[in-house]
Structure formats: C-alpha cells, structure tokens
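Open the model in your viewer and keep the selection tool at hand. Follow the stops in order.

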Amino acid sequence: MKNYKIAVLAGDGIGPEITREAIKVLKLIEERNDVSFELMPAAFGACAYFEFGDAFPQSTIDICDQADAILKGPIGLSHEQSKTIPIDKQPERGALLPMRRRYNTYANFRPVFLPKALAHFSPLKPEIIGEGIDIIMVRELVGGLYFGSKETGINEQGLRYVKETLEYDEHQISQILHQAFKLAQKRKKVLHNIHKSNVLKSSVLWNEILDEVAKEYPEVEVIHQLVDSAATNLCLKPTQFDVMVMENMFGDILSDQGGGILGSLGLMPSACIGDEKAYYEPSHGSAPDIAGKNIANPYSMIGSVAMMLENSFDMAAEAKNVWDAMQGVFGDGYSTADLSKPGSGVTMISTEQFGDKVVEKLRQMPRVSAA
Ligand code: IPM
Ligand code: MG
C-alpha cells in the first residue's frame, strides 16, 4: 500500500467549501485503491494572516515541506477587505508567490476543456465550439514581472513613480519550453508559442531560446502568435489551439480568458509543478461574494485532485475516472449556479450536491489499482 502525505490548504472565501468536496473524492479514491492519504490541513491565505499574522506561517511551511503534494484552495479577500492587511502581507504577495518561489513550481498547467455536449455552458456559439475545446495552457509561474524587483518613490520631478522589472534568464525560459514541448509531443504535436516580440525584449529572448529547444522536438510544429492576437483567437476560433505556452503574466490573463470561453472560472483547475514539489489549485480566486452559500462550483478543486493523482501519485487511470465522473454529472444535466442560468436547461445543484454526485458516479466506475 502506498502512503502519501497531502498538505490541504483550504484557503479563503469559497475555499473551504470546495475543498470539502475535493476531500470526499480523495476519501473514495482511498477506498477504491491500494493507497492511503494522510491529509494535513494547514492555514494559508488571509485566514492565516488573521490567525498568525502571516499568510504563509511557519507552521504551514513545515507541513508543506513534509508533504508529497499540496492541495491548495483559492485565497484572497475582496478589494475593500484586502486594505485591512498591509500590502506585503496580503495573501497573494504574502503567501501564494512565496509558495511558488519556495517550491520553484515553474510549470503551471491549466486545462481549458469543454466537450461538444456541454457547448451550452459557453458564451460562444455552438459552431465556434465545434467538436469541443481541449487546450492546455502552459504558464511559466515563477519569473517575469510577478517576481522581478520592485521600487516605488518620488522622482526628480516630485512625482510618485513605480518601477517593476521583467526578468528571465535562459534557463528559466528553456525549462518551461521543454515542459510545453514534451506535452505537445504527447498530444497533437502542435505548440502555440504566445509572445509579444514586436515590443518586448523578453519575448525576443524567449523566441530565440524556443528556436534552440525546438530542435530537440522535430515532430512538434510551432505556431507563433502575439499575445493580443491570441486573445482574439481564443474567442473567434479556440479550437485551433491544443498546447499554448507563455510567460507568467500572459498566462495569468489568458487562462482567465480560458475560463471565460468555457462559461465559468469554476471550470479551471491547475497543476503547479516544480522539479521537487508540486501543488494543485483552482486557477480562480476566492469569490468572497458567494462564500459560505454552498453555491460555488467545486469542479476546479476536484479537477486539481485529478491532476494531483496523475502527476504526483502516478494514478492516471483513476484521474481519468475523476474527470469522467465530473463530466458525467454535467452530462446528466446538473451543475452549480455559475453554469445553470435560467433558460439554460441545466438543473442547479449545490456545491455539496455536486460533490456527492461526483462521488456517486465514481463509485460506479470500474476500479483501477494504484500504480
Ligand atoms: C492565478 C491567480 C494568481 C496569479 C493571484 C492570486 C496572485 O490569479 O493563479 O492565476 O496572478 O498568479
Ligand atoms: Mg489569475
């Protein structure tokens, strides 16, 4: 029997609710497989700041250090509430970026997936969804503007100014490109490289390194697209994309657009992978406006569990069962509030009911033994 330690960071806002449903799924995976999970809950985000004065307290660092994988819920407060916490201690700067840096989780995989049968979830017309959307966005996660040095002050003209640096070295660029090429090689052998080399020198270096790395993957066709143009194409013809690779900020923005074309950010799980440690999290925020109402969509959190099973525990077959179980619940005509607008023909269920239905579906699926 394999034993894995999972740090569970439920986070803020809707985090605890959707994490609860993800844990139900993990418990069933334990029942069905020769595997056991030691769940180690820890405070992370604004909740941790209010309890310990630190959004990523030492006690949580210790738990994450020990864990085989980390399951992390969304963090953050509303814009107004955020102001009650000093800027550098706010959960995004004080917890999330430090975690990414600590574990060097440079490769962020964000699936943007919608089968044809669920085209009604999307704001796009069915003819644009065609046979379905199936993209994986590969976002560089520990470099660029989000991690560069920052400076604020008063300039010579007496004006307040800010300076933030966008820095990448060739190692950082090549390691994420290798990840993207490897994925493209396993999938359709097409890689969309998203850049802004008509303006940014960082993109010029990125593309130069891409040409070098590409030589190691001769079967993969590379298609270059400027990031602004890619934003348009995601709306006009999303089916042209399979694997997309981009630097940190482009990936932040385009992956939210990915959620938009699917119809909900609730459909956006993700995996953040480093050479030694990986953590799994929804791509979206903590949605404080709907927190505690049992209406949030736990798909992103349960999907993050599926990504964890596949990437950290070598349980690809069971991961696929989890995806299929969730698609099965949608296929039966159910969804949470985000995807069941009046007139959509979808029956609205709660966060908890969604989790229960996923568990029910998964129970019916043939067992696979843990690798
Ligand atoms: C994401 C989020 C984070 C980011 C925030 C919460 C710092 O938007 O994971 O996409 O910008 O990376
Ligand atoms: Mg984001």
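Start with the shell around ligand 1: six charged residues, two nonpolar and one polar. Here Asp, Glu, Lys and Arg count as charged; Ala, Val, Leu, Ile, Met, Phe, Trp, Tyr, Cys and Pro as nonpolar; the others, Gly among them, as polar. This is a predicted model, where local features need pLDDT of at least 70 and side-chain atom pairs pLDDT 80 or more, while totals for chains, interfaces and linings use all residues. Residues are numbered from 1 along each chain as its sequence is written, chains are lettered from A and ligands numbered from 1 in the order written, and side-chain values use heavy atoms, without hydrogens and water.

Now select the shell members, including Glu 92, Leu 96, Arg 100 and Tyr 146. Helix 5 (residues 91-102) gives the largest share, three residues. Helices are DSSP runs of H or I, at least four residues, and strands are runs of E, at least two, numbered from the N terminus.

Next, show the side chain of Arg 110. One of its N or O atoms is 2.7 Å from an oxygen atom of ligand 1. Move to Asp 252: a polar side-chain atom there lies 2.8 Å from a ligand 1 oxygen.

Last stop: Glu 281. Look for it in the loop between strand 12 (278-280) and helix 11 (299-313). Is Glu 281 buried or exposed? Glu 281 counts as buried because its relative accessibility is 1%, and buried means under 20% relative accessible area (1.4 Å probe, protein chains only).

Definitions and conventions. Near = heavy atom within 4 Å. Polar contact = N/O pair within 3.5 Å; in protein donor to acceptor, adjacent residues only side chain to side chain. Buried < 20%, exposed > 50% of the residue type's maximum accessible area, 1.4 Å probe, protein only.
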